[in-house]
Protein chains: 4
Amino acid sequence: MERLRLLIDCPDRRGIVAAVSTFLAQHLGNIVTSDQHSTHPTDGRFYMRMEVDAEDPVAMRNAFGQAVAEPFGMTWRMVGAHERKRMAILASREPHCLLDLLWRWRAGDLPADIACVISNHLDHREVVEAMGLEYHHIPVTPQTKPEAEQRLLELVSDKADVAVLARYMQILSAELLDAAPLPFINIHHSFLPAFVGAQPYRQAFDRGVKIIGATAHYVTAELDAGPIIEQDVARVTHRAGVDELARLGADIERVVLARAVRWHLEDRIIVTGDKTVVF
Amino acid sequence: MERLRLLIDCPDRRGIVAAVSTFLAQHLGNIVTSDQHSTHPTDGRFYMRMEVDAEDPVAMRNAFGQAVAEPFGMTWRMVGAHERKRMAILASREPHCLLDLLWRWRAGDLPADIACVISNHLDHREVVEAMGLEYHHIPVTPQTKPEAEQRLLELVSDKADVAVLARYMQILSAELLDAAPLPFINIHHSFLPAFVGAQPYRQAFDRGVKIIGATAHYVTAELDAGPIIEQDVARVTHRAGVDELARLGADIERVVLARAVRWHLEDRIIVTGDKTVVF
Amino acid sequence: MERLRLLIDCPDRRGIVAAVSTFLAQHLGNIVTSDQHSTHPTDGRFYMRMEVDAEDPVAMRNAFGQAVAEPFGMTWRMVGAHERKRMAILASREPHCLLDLLWRWRAGDLPADIACVISNHLDHREVVEAMGLEYHHIPVTPQTKPEAEQRLLELVSDKADVAVLARYMQILSAELLDAAPLPFINIHHSFLPAFVGAQPYRQAFDRGVKIIGATAHYVTAELDAGPIIEQDVARVTHRAGVDELARLGADIERVVLARAVRWHLEDRIIVTGDKTVVF
Amino acid sequence: MERLRLLIDCPDRRGIVAAVSTFLAQHLGNIVTSDQHSTHPTDGRFYMRMEVDAEDPVAMRNAFGQAVAEPFGMTWRMVGAHERKRMAILASREPHCLLDLLWRWRAGDLPADIACVISNHLDHREVVEAMGLEYHHIPVTPQTKPEAEQRLLELVSDKADVAVLARYMQILSAELLDAAPLPFINIHHSFLPAFVGAQPYRQAFDRGVKIIGATAHYVTAELDAGPIIEQDVARVTHRAGVDELARLGADIERVVLARAVRWHLEDRIIVTGDKTVVF
C-alpha cells in the first residue's frame, strides 16, 4: 500500500466527488482524508485534496487522467506522500528563519531534503556546513545582480523542487521568476497587504499599530503581492520601539514560515489566481 | 431543489465515500460542501458532513438508509437546511449571553426560532417580552427544585429542539437530563477542564493565570464534563481583579456560546463519546 | 476623598516623577495607579497617567499648573474620575456596533452619559427611543451634505464631549473636524493600514488574507489615517466569502470599538502626533 | 551612569512613590521606566519596578534601605541592569526548548551567561559542547535519585543564579527545592491548572479540548502548582491526534519559556504568594 495525495481544481458541477471516489474504490484505493471547497455549487470552482491508500499507485495514476480528470476539465496532481521534496533555503544576514527551518528539519518535522542553503553573505556558512549541508555564497551587488541571479537560478533549478526565502533580502527579478521551474516561498515581516516593501517594522512603528504580523506567500513579480499562504500576528503596545517590534516579530516570522513550508511540502496548497486554498 | 445536510458516523473502511457519493449522484444530488474525518483509516471511526442540493429530497431520505447506511453500519441523519430548529434559552441574572443570542437572532444571524426564554429570575422579562417572545419564570429553591425541573422539562420538551443555558446558574439534575429528549448547550466561564464548578473567575484570580477563557459544551450529568464544542481565551495580567476578569470574560463567553449555538443549528457537530467533531 | 486622573505629556528629563509625586504627597494625595512611558530617557518624550485620591481636589488642580506643569513644560489634564463624559453615537444601517455600545452602557460597563444617537437613516429610531434616548435623523445626500454636517456639528458640539462613529458610513469633512470641539472615534472594519476606504471585507476577500481585523482610531481629515487606539483580528480561511468575513468581523468590530471607547472614557489615552499612548 | 533596576513589594499607603522618587532625584537618578501595581489603595499590597540611571549606583544602593525601604516595610532589591545572571539549563530528551534557549542566547536575545546544561540523557551533549558550553550528564534512576539530586544541587548552587527546566522530565524533590539557593523555572505543556502531571497532550486529546497551551512557572514542591509567569495557547481541532498536539504545542512551549526566562533575567517578576506580578 502506498499513500497518494490527490489535488484537483476544476469548474464545479454535479458528480465530481462521485466520479473521483468511485474511481478510487474501483482501483482499491482507501480514502484516508478528504477536503474540498467550492466557491459556488453551480457557477463556481471546485477544489479537492484527498489522501488515498492505493494498492497499485502506478496504475491509479496512469488511469486517472483519462478516466476522471479529462471529462471534468481538471487541473490535477497525484503525488506519493513519501516522495520527499528537495528544498533550497535562501537567507541573508538574519539567522532566525534559516535556523528555525534547519532545526525543524533535523528534528524530523519538515518532510523534505535540504538541497542547499544559498546566501548573499557568509554569516551562516559554518552552522550550515556543520550540519553537513551545502552552502553557496552568491554575493549580490547592483552590478553583479544579473550574473548572481543566473547562478542562483541554475542552482535551484538543478537541485530543488521549492525554494524558501528565509529573510532573503534581495528582490528576485521578474526574469528569474519567469525562468524558474519551481515555486519560491517568502516570509514578509508584516501582515500584508499592510507595510509592503522595506523596513516594515519601522513602518509599523511609525503608523502606531497595536498589532504586528508576518506573512508567508508565494513570490510573484509584483513585490509582496503573491498568493498568501499563512499569516499570524501579535499584540504590541506603545512601549515597543522598532527593535522590540523586530524581536517580537521574529518569533511570528519563523512560526508562520515553518507552517507555510510544511503545508507546501505536504501538498496542502492549491494556488488559484492571486490566492491560495490551504487544506 | 432543496439543500440537505447529511451527517454520518460509522466504522471506517474502504468505499464509504464512493458509496455515499455514488448514491447521491444517482439521486441527482449535487454535493455543495463535504468534510470528513477518520481517526484511523483501517481501525478508526469515520465522520462525514455533506451539504447536498437534492431534486427529490424525500426520495433521497427514504432510500439512503437501506441503500447506504445499513451496509456500512452508519449512525446518520439527513436534515433540511431550511428546517429551523426551535431553541429555548435559559438564563439567570447575568444578561450578556441571553441578550447576545437574542440580538444575533433578531439580526438574522442565528437560523432558529426562539421557542421561549426561561429564567429562575424576573430580571429579563421586560426585554424578552418586548421582543415578542415568551418568558417563563420558574423560580428554583432547594425545596422546589424537583417541581421546577419538572416544569422546565415539560416546557422545553414540548416547545424546543435544543436548550441553551445562557449563564443559567442552576445545575440540571441527572434525572432531568436523562428524561429530556433534546440536547442542552452550556457556557462555562473558564477554559475547561480548568476551574470546574462555582466562581471560575475567582478561582482563576486565586491561581494567578495569565489567560482566562470560556467553554461551550453539551451538558451531561457530570458537572462541566460534557463534550466541548468551542473554547476561546483572552490574555490578562496581574492588574485584573475578579470583577475585571468577569468583565473581560463576558465578551469571550458570548462569542463562544454564539459560535457553538450556530454550529449546532447548522448541524455541524457530531458528538462522539465525550468529545465532538465540529465540521 | 475624590479620585482624580492626571495625564502628562512633556519632554523627558530627570526629576519629573519626583516633582509630581512630591507635589501629590504634599497635597495629601494618594497615588492609586501610575503608568508612564518615555521614548528616550534624555532626548525623548515623557507620558504619564496617574490615578490619585485627593482630599482637596480643587486646591490640587489649582496648584498643579504653576507648581509642576509649567517648570517642566507639560501638557496636562486633571480630571475627576466620576465626571461622566457625554457621548454621542453616530450610526448608519448596520446595528451591531450601535447596539453593543448601548447594551454595555445599560449594563453599567461604559462610564458615560449617552447624549444622543444620530443617524442618516431611520432604522434604529425605535430601539434607541425605547431606551429613553434621543434619536436625531440627519439624512445626508451629496446636495445636502453641508447643511447636514452643520446640523450634526451643532448637535454634538452642544451635547457631547466625544462622538463615536459606530459604523457611520458618511465621511466627515475636514471642515467639520476642524470646527468640532470634541474628538471623534471611528471603527474601521480592517486591520489598518490594510484596506483603507470602502468595502474592506471585499478587499480582504480579493487579497486572500488569512486574518481579518478591525481598528478603532481617532478621526482626522485623512481617511482612515488617524491615531490608532485599538485593533484586533480573527483567523479566516479560504472558505469564508465576503458575507462570512463581514459576519465574523462584526464580532471583532464591536469588541474593539467598545474597548477604545471605554479607554477614552477612562482617560487612558494620550494622542501624540499620529499615534496613541494607551495606559 | 549605570542603569539600576529597583523592585519593591510592601504594604500600600500614601507617599511611597513620592518617597522613592524624591530619594532617587536627590541621588541624581533619572527614572527611565516605572511600573507599579496596588491590590488596594489603603488595605492592599504595593509593587513597583523602576529602571533608574544612576550617577553613583553604589551610594544609591547603600542609602536606599535605611532612607526608604525600612520606613515603608519594603521587601526590595536593586540590581545593575548589566549584571548578567548565570543560567543553568536542565533538559531530558526533547530538544526544542533547550535548543530554542541556546539559539536565542547565541543571537544575543537572552541577557545571561549559560553556566551549564545538565541532562539525565546524553542526547544533546554534542550540540551543547559544540557551542563551547559545559554539559553535565546526571542519569537518574529510582535508586540513584537522591545522589543525582545531590549532584545537581551542588552544580546549580555553585554555578548558577537561576535554573531553567527546558522539558526536564524528572520531578525535583521538595528537599532539593528547599535546599537550593536559586529559583527554578519550568515549562509545563498545558494551560495550567488544566492537565497537571504526566502526558498533558494525551489528557488534552482525551478531554477533546479545542485549545492547547503551555505554562511557564516557578517550581514549588507541589507539582505544577507554582507561581505562573506566562501562558499561551493555540487553537486545535478534532483532526489533531496526540502527536500533532505535541508538535503544535512545541512551538508554544518554546516561546512561552523564552518569554518567562527573559522576564526573569530582566528582573521583571515579583513573586507574591502563589502568583506573580510581571512588569
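Me: Which strand of chain A do ten bridges join to strand β1 (residues 2-11) of chain A?
Reply: The model is predicted. In it, β1(A) runs antiparallel to its partner, and ten bridges join the two. The partner is strand β3 (residues 45-54) of chain A.

Me: Over how many bridges does β1(A) pair with strand β4 (residues 75-80) of chain A?
Reply: β1(A) and β4(A) pair in the antiparallel sense. Within β4(A), Trp76(A) stands opposite Ile8(A). The number of bridges between β1(A) and β4(A) is six.

Me: What is the radius of gyration of chain A, which has eight helices and 13 strands?
Reply: For 279 residues the globule rule gives 19 Å, and the value for chain A is close to that, so chain A is as compact as a globular protein of that length. Its C-alpha trace spans about 60 × 40 × 35 Å along the principal axes. The radius of gyration is 21 Å.

Me: What percentage of the contacts in chain A with a separation of 6 or more comes from residues 24 or more positions apart?
Reply: Chain A has 279 residues, of which 48% count as buried. Among its contacts with a separation of 6 or more, the share from residues 24 or more positions apart is 68%.

Me: Is α1(C) roughly parallel or roughly antiparallel to α2(C)?
Reply: The two helices pack with their axes 11 Å apart, at an angle of about 180°. Angles over 145 degrees count as roughly antiparallel. That makes α1(C), relative to α2(C), roughly antiparallel.

Me: Which residues of α2(C) make the contact with α1(C)?
Reply: By class, this contact has eight nonpolar, no polar and no charged residues. From α1(C) come Ile16(C), Ala19(C), Val20(C) and Phe23(C). From α2(C) come Phe64(C), Ala67(C), Val68(C) and Phe72(C).

Me: Which residue with a positive phi follows α1(C)?
Reply: The phi of this residue is near 60°. The residue is Leu28(C).

Me: Which element gives the most to the side of chain C that touches chain D?
Reply: The contact takes 17 residues from chain C and 17 residues from chain D. On the chain C side, the elements giving two or more residues are α1 and β2. By class, that side has seven nonpolar, eight polar and two charged residues. The element that gives the most, with seven residues, is β2(C).

Me: How many residues are charged on the side of chain C that touches chain A?
Reply: Here 21 residues of chain C are in contact with 21 residues of chain A. β11 (228-235) and β13 (275-278) of chain C each supply at least two residues of the chain C side. That side also includes ten nonpolar and five polar residues. The charged residues number six.

How values were computed. Residues numbered from 1 in each chain as written. Chains lettered and ligands numbered in written order. Predicted model: local features only at pLDDT ≥ 70, side-chain atom pairs only at ≥ 80, totals over all residues. Pairing = 2+ DSSP bridges. Helix = DSSP H or I, 4+ residues; strand = E, 2+ residues; numbered from the N terminus. Contact = placed C-beta atoms within 7 Å. Nonpolar A, V, L, I, M, F, W, Y, C, P; charged D, E, K, R; others polar. Rg over C-alpha atoms; globule rule 2.2 N^0.38 Å. Buried ≥ 20, exposed ≤ 12 C-beta atoms within 10 Å, placed from the backbone. Axes fitted to C-alpha atoms, helices over the stretch in contact; angles between N-to-C directions. Parallel < 35°, antiparallel > 145°, perpendicular 65-115°, else oblique.
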